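Please load the model in your viewer and keep a selection panel open beside it. The stops below go from one selection to the next.

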Amino acid sequence: MALINNITPQKLERDVPHKSVECTFDVVTNSNGEKFLQLDTYSATEGKKCQSLRLSPSAIKQLKEILQTFHL
């Protein structure tokens, strides 16, 4: 699992197509009352969890700003 605290822009060198997979989310609250957004992706062939990303409150704020800025 990866904990994301900061999101930094970086241009891709090239656009590579990705396979479509299932994704679930949960809102996790730690012992200090902070809320984190967790995204889990699953293997398209086996259905097993293959990647977990947990966004900290500061990363969630940045993601909201990115979505608004780029009208996503």
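Which residue in β3 is the bridge partner of Val27? Select Leu37, which is the partner of Val27 in that strand. Before going further, note that the model is predicted, that local features need pLDDT of at least 70 and side-chain atom pairs pLDDT 80 or more, while totals for chains, interfaces and linings use all residues. Residues are numbered from 1 along each chain as its sequence is written, and side-chain values use heavy atoms, with hydrogens and water left out.

**The sheet**

Now display the strands (DSSP runs of E, at least two residues, numbered from the N terminus, as are helices, which are runs of H or I of at least four). Four of them form an open sheet in the order β1-β4-β3-β2, with mixed pairing, where two strands pair if DSSP finds at least two bridges between them. At its edges are β1 (2-4) and β2 (22-29), each of which pairs on one side only. From one strand to the next the twist averages 25 degrees.

Select β2 and β3 together: eight bridges join these antiparallel strands, and the hairpin they form has five residues between them, with Gly33 in the turn at a positive phi of about 85 degrees.

Move on to β3 (residues 35-42) and β4 (residues 49-55), which run antiparallel and are joined by six bridges. Tyr42 stands opposite Lys49 of β4, and Thr41 stands opposite Gln51 in β4. The hairpin of these strands has six residues between them, and there Gly47 takes a positive phi near 75 degrees.

**The helix and what follows**

Select α1 next, which lies across β1, β3 and β4 and runs at about 75 degrees to β3; the angle, on a scale from 0 to 180 degrees, is taken between N-to-C directions of axes fitted to C-alpha atoms, for helices over the stretch in contact, and contact means heavy atoms within 4.5 Å.

In the segment after α1 (57-69), pick His71. His71 counts as exposed because its relative accessibility is 74%, the cut-off being over 50% with a 1.4 Å probe and protein chains only. A C-alpha to C-alpha distance from His71 to Glu46 gives 34 Å, although the two are 25 residues apart in sequence.

Notes: Buried < 20%, exposed > 50% of the residue type's maximum accessible area, 1.4 Å probe, protein only.
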